[in-house]
Amino acid sequence: MTIEQAAELLRQGSVVAFPTETVYGLGADAWNPTAVKKIFALKGRPDDNPLIVHLSDISQVADFASEIPPAAEKLMKKCWPGPLTLVFNKKPEVLDAITSGLNTVALRIPDHPVALELIRLTGPLAAPSANRSGRPSPTNPMHVQRDFGPDFPVLEGGKSAVGLESTVLDLTRQPFAVLRPGKYTREQLERITGTRIGVDQAASDKPGSPGVKYTHYKPEADVLWFDPAKNYDREKVLLITHTDRPAGFPRHVHFRGDFEHMARELYDLFRTADFDGLSRILIEPLPDTESYSMVAALKNRIEKASGN
Ligand code: TXA
Ligand code: MG
């Protein structure tokens with residue numbers, strides 16, 4: 001499918017999957033309520049879990065946000081296009097189907113040439129990750145088609161460069177709060193804004209960040225932190241490490257301290273483990289620091305996949 005064909009489908013009110021630098025998105029025209037509702041039906045997504053609106057230009061923020069705090073200007077200039085989603089107070093005309101009736105809206109400009117060109121043709125697109133609800137997010141076109149069938153329209157754009165979803169930063173509370181960790185760390189965002197930024201630990205119970213309460217990123221296989229002191233049955237098990245320690249696991253992927261690489265591969269490993277009928281994915285615990293790029297995001301997704 002060409003970008004022009006994808007744009008035409010979207011203009012007609014269809015839903016089309018498209019590439020971003022984080023994961024593939026399932027897009028619909030952000031001003032068409034019928035189109036946006038199709039996303040929820042397709043994914044089996046609970047309708048109290050709001051969508052991110054994807055833009056191609058900073059000037060479009062003013063069509064959705066009722067106010068743009070000075071810190072947001074800095075973040076948008078520095079981080080967009082890129083894997084950072086900003087939550088603003090919304091304008092009244094933003095569709096309830098997108099915001100799930102909240103008075104805030106989440107916006108980002110993806111850093112992918114195909115996505116940017118598509119959005120230039122269509123205007124803003126509401127898009128969650130292009131997986132069935134509860135499944136790992138897709139990081140290549142095959143993942144999307146495994147969830148939605150081989151005939152589902154996917155605009156191809158290679159393998160996602162980041163591999164985990166964007167950092168979500170809520171600018172409507174004081175202090176600002178990270179609702180979902182991603183490539184941009186809290187420390188980086190503090191440096192850019194010059195303010196202290198909190199983490200929304202209790203996100204699951206608050207209406208402010210509904211998506212966090214649902215089981216996410218879950219493969220069929222059980223995901224567990226690896227404990228070197230334990231004796232594991234090594235059949236039907238995938239071991240993922242970053243320090244290359246234990247030997248003797250027939251299926252062992254190690255990332256040699258490269259957490260960005262691990263982030264890029266994690267969801268594909270989850271999906272491949274399911275495809276191969278494995279029953280367990282063991283993952284070596286990650287270092288106790290959030291300063292390394294992707295460590296906080298990896299921990300968060302692995303904890304969720306393990307059911308915690
Ligand atoms: O990297 C990404 O963010 C990918 C690509 C496609 O852009 N998208 C993505 O969308 O991960 P989704 O729908 O899977 O996750 C969106 C997250 C959810 O946790 C949702 O609850 C939160 O953003 N969110 C959306 N609107 C919000 C709002 N107004 N206030 C608070 N959280 C919001
Ligand atoms: Mg998702």
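**Figure 1. A network of salt bridges links Arg135, Asp147, Arg271 and Asp274.** In this predicted model, local features need pLDDT of at least 70, side-chain atom pairs count only at pLDDT 80 or more, and totals for chains, interfaces and linings use all residues. Residues are numbered from 1 along each chain as its sequence is written, chains are lettered from A and ligands numbered from 1 in the order in which they are written, and side-chain values use heavy atoms, with hydrogens and water left out. A salt bridge is a side-chain nitrogen of Lys or Arg within 4 Å of a carboxyl oxygen of Asp or Glu. Aspartate 147 pairs with arginine 271, their closest N and O atoms lying 3.1 Å apart. Aspartate 147 also forms a salt bridge with arginine 135, for which the closest N and O atoms are 3.4 Å apart. This second pair links distant parts of the chain, with aspartate 147 in helix α6 and arginine 135, 12 residues away, in the loop between β6 (125–127) and α6. Helices (H or I, at least four residues) and strands (E, at least two) are DSSP runs, numbered from the N terminus. Aspartate 147 is buried at a relative accessible area of 7%; buried means under 20% relative accessible area, exposed over 50%, and partly exposed in between (1.4 Å probe, protein chains only).

Figure 2. Pro136, Leu164 and Pro181 supply 31% of the area that domain 1 buries against domain 2, more than any other three residues. Buried area is the accessible area (1.4 Å probe) that two parts lose on being put together, summed over both. Between the domains there are five salt bridges and nine residue pairs in polar contact, both residues being at pLDDT 80 or more.

**Figure 3. Histidine 143 of helix α6 makes a polar contact with aspartate 268.** The side chains of the pair are joined at 2.8 Å. A polar contact is a pair of N or O atoms within 3.5 Å; within protein, one must be able to donate a hydrogen and the other to accept it, and residues adjacent in sequence count only if both atoms are side-chain atoms. Histidine 143 is buried, with a relative accessible area of 2%. Apart from neighbours within four places in sequence, histidine 143 is in contact with Ser137, Pro138, Asp268 and Arg271.

**Figure 4. Lysine 183 and glutamate 260 form a salt bridge.** The closest N and O atoms of the pair are 3.2 Å apart. Lysine 183 lies in the loop between β8 and α7 (186–193) and glutamate 260 in helix α8, so the pair ties together parts that are 77 residues apart in sequence. Lysine 183 is partly exposed at a relative accessible area of 28%, and glutamate 260 is partly exposed at 33%. Both residues are contacted by serine 293, which also touches Phe259, leaving aside neighbours within four places in sequence. Serine 293 occupies the loop between β13 (280–283) and α9 (295–305) and is partly exposed, with 23% relative accessibility.

**Figure 5. Helix α9 is mostly covered.** Nine of the 11 residues of α9 are buried, among them Val295, Leu298, Arg301 and Ile302. The elements covering these buried residues include β8 (177–180), β10 (222–225), α8 (259–275) and β13. Glycine 307 follows α9 and has a positive phi, near 90 degrees.

**Figure 6. The side chain of glutamine 60 approaches the backbone nitrogens of serine 56 and aspartate 57.** A polar atom of this side chain lies 2.8 Å from the nitrogen of serine 56, and one lies 3.0 Å from that of aspartate 57. Glutamine 60 is in the loop between β3 (52–54) and α3 (70–79) and is buried, with a relative accessible area of 14%.

How values were computed: Contact = heavy atoms within 4.5 Å.
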